[in-house]
Amino acid sequence: MGNRLVPIVLITLLVIVNAQLWFGRGGLPNVAKMEHELQQQKSSNEEARRTNEQLNAEVNDLKEGLSMVEERARQELGMVKANEIFVQIAK
């Protein structure tokens, strides 16, 4: 009887450990699901990063573009802002 008890206990423990591997909290299906979610999140993050870069570029263009337009208007059209005094010196 003792000779049969040890293998039965070991096989039972093996089945329990194997069941935990397949169906437990850290089991293979759960890991595969989490890896899939991770890939989706990475692609979402990449898309958001690209959108942020594009918006940053647009903001920089608008900031620089306005200053260039203002500078050109001052030089070519004599634009003056409110509360500014325009002084022209002729040579």
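Q: Is Q88 buried or exposed?
A: In this predicted model, local features need pLDDT of at least 70, side-chain atom pairs count only at pLDDT 80 or more, and totals for chains, interfaces and linings use all residues. Residues are numbered from 1 along each chain as its sequence is written, and side-chain values use heavy atoms, with hydrogens and water left out. Buried means under 20% relative accessible area, exposed over 50%, and partly exposed in between (1.4 Å probe, protein chains only). Q88 has a relative accessibility of 67%, so the residue counts as exposed.

Q: Where does Q88 lie, and how many Å separate Q88 from Q41 in space?
A: Q88 is located in the segment after helix 2 (28–77). In sequence, Q88 and Q41 are 47 residues apart. Their C-alpha to C-alpha separation in space is 60 Å.

Q: How many helices and strands does the chain have?
A: Helices (H or I, at least four residues) and strands (E, at least two) are DSSP runs, numbered from the N terminus. By that assignment the chain has two helices and zero strands.

Q: Why is the chain said to be more spread out than a compact globule, and what is its radius of gyration?
A: The radius of gyration is taken over C-alpha atoms, and the globule rule is 2.2 Å times the number of residues to the power 0.38. For 91 residues the rule gives 12 Å, and the chain is well over this value, so it is more spread out than a compact globule. The C-alpha trace spans about 120 × 20 × 20 Å along its principal axes. The radius of gyration is 36 Å.

Q: What percentage of the 91 residues is buried?
A: The chain exposes about 8,900 Å², of which carbon and sulfur atoms supply 60%. These areas come from the Shrake-Rupley method with a 1.4 Å probe; for residues, only the protein chains shown count as cover. Of the 91 residues, the buried share is 3%.

Q: Which residues make the nonpolar surface patch?
A: Patches are made of residues with over 30% relative accessible area and no salt bridge; like charges are joined within 9 Å, nonpolar side chains (Val, Leu, Ile, Met, Phe, Trp, Tyr) within 5 Å. One member, L5, sits in helix 1 (residues 2–23) and is exposed, with a relative accessible area of 53%. The patch covers about 550 Å². Its residues are L5, V6, V9, L10, L13 and I16.

Q: Which residues are linked with R49 in a network of salt bridges?
A: A salt bridge is a side-chain nitrogen of Lys or Arg within 4 Å of a carboxyl oxygen of Asp or Glu, and the structure holds six. R49 meets E46 at 2.2 Å, N to O, and E53 at 2.4 Å between the closest N and O atoms. E46 and R49 are three residues apart in helix 2, so about one helical turn separates them; E53 and R49 are four residues apart in helix 2, again separated by about one helical turn. R49 is linked in the network with E46, R50 and E53.

Q: What are the relative accessible areas of E46 and R49?
A: Both residues count as partly exposed. R49 has a value of 36%, and E46 has a value of 30%.

Q: Which residue forms a salt bridge with E84?
A: The side chains meet at 3.0 Å, N to O, in the pair E84 and R74. This pair links distant parts of the chain, with E84 in the segment after helix 2 and its partner in helix 2, 10 residues apart. E84 is partly exposed at 36%, and R74 is partly exposed at 28%. The partner of E84 is R74.

Q: Which residue has a positive phi although it is not a glycine?
A: The residue is found in the segment after helix 2. N83 counts as exposed, at 85% relative accessibility. The phi of about 65° belongs to N83.
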